[in-house]
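Take a slow look at the fold before reading on. Turn it around and follow the chain from one end to the other.

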Amino acid sequence: VLKYYMLPKRYSALKKQCTRVTTLTGKRIIETWKDSTVQVVEETVQPEGACGYVQDLSLDLQVGIVKPWLLLGETNSFALSNVIQTDVTHILNVAYGVENTFQDQFVYKQLSILDLPETVITSYFQECSEFIEQVKAQNGVVLVHCNAGVSRSASIVIGYLMSTEGLRFDDAFALVKNARPAICPNLGFMEQLRNYKLCSEIQFNGVTNT
């Protein structure tokens with residue numbers, strides 16, 4: 001049975017979602033979501049202090065249940081406040097520049113991952129999977145989140161399912177998409193996930209070592 005944890009209806013009237021990424025090279029990528037359609041605008045400008053990150057400009061209050069012990073959502077404080085009412089015991093925060101809001105109520109693990117196509121997202125799979133497996137072994141429940149709950153956290157959860165349950169990419173992606181329809185890993189992450197094979201490369205902290 002697919003379940004969702006939602007906030008009151010007054011928050012559900014939001015109709016579009018927009019995320020903005022400024023890459024390490026200064027390219028600005030803006031994605032606007034409306035009616036299940038995404039529009040992408042790229043600008044090759046170099047702002048001062050450019051750094052790769054996603055700016056979350058929206059509220060997506062749905063928390064998808066991928067497995068009984070594994071939830072997927074976003075960083076918005078309203079959503080996390082609502083999670084307090086669930087059985088969540090641990091939070092895996094893979095956002096960039098987002099503080100752990102409820103440290104007195106959850107056990108946190110934090111990895112600052114950039115939502116950039118060139119980030120080697122597969123290099124984080126082992127560490128994240130080990131954390132999720134520890135939570136499962138303790139009969140706990142873990143919420144995985146990034147800024148918008150669309151790209152990084154979704155990729156981590158897909159990678160976890162491929163790593164620990166031996167699922168093919170298509171099956172893992174479908175399972176996560178069913179739990180949280182808003183997911184949309186960036187093109188670089190999608191390519192890595194499609195080609196992901198355990199222990200095929202030695203990777204550490206977003207860098208591929210050959």
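The paragraphs below go from the whole protein to single residues.

This is a predicted model: local features need pLDDT of at least 70, side-chain atom pairs count only at pLDDT 80 or more, and totals for chains, interfaces and linings use all residues. Residues are numbered from 1 along each chain as its sequence is written, and side-chain values use heavy atoms, with hydrogens and water left out.

Start with the whole protein. Its secondary structure comes to five helices and 12 strands. Both are DSSP runs, numbered from the N terminus: helices are H or I with at least four residues, and strands are E with at least two. The protein has 210 residues, and buried ones make up 50% of them. Buried means under 20% relative accessible area, exposed means over 50%, and partly exposed lies in between (1.4 Å probe, protein chains only). The accessible surface comes to about 11,100 Å². Carbon and sulfur atoms own 50% of that surface. These areas come from the Shrake-Rupley method with a 1.4 Å probe; for residues, only the protein chains shown count as cover.

Now find strand E7, residues 70–73. Leu70 and Leu72 point one way, while Leu71 and Gly73 point the other way. All four are buried. What are the partners of E7? Strand E6 (residues 63–67) pairs with E7 in the antiparallel sense, over three bridges. Two strands pair if DSSP finds at least two bridges between them. Ile65 has Leu71 as its bridge partner. E6 and E7 form a hairpin, with two residues between them. E7 also pairs with strand E10 (residues 142–145), here in the parallel sense and over four bridges. In that pairing, Leu70 has Val142 as its bridge partner.

Step back to the loop between helix H2 (125–137) and E10, where Asn139 sits. Most residues other than glycine have a negative phi. Asn139 has a positive phi, near 60°. Is Asn139 buried or exposed? Asn139 is exposed, with a relative accessible area of 72%.

Finish with helix H3, residues 152–165. How far apart should its ends be? The expected span is 1.5 Å times one less than the number of residues. For the 14 residues of H3 that gives 20 Å, and the end C-alpha atoms are 20 Å apart, so the two agree. H3 is mostly covered, with 11 of its 14 residues buried. Among them are Arg152, Ile156, Tyr160 and Met162. After H3 comes Gly166, whose phi is positive, near 65°.
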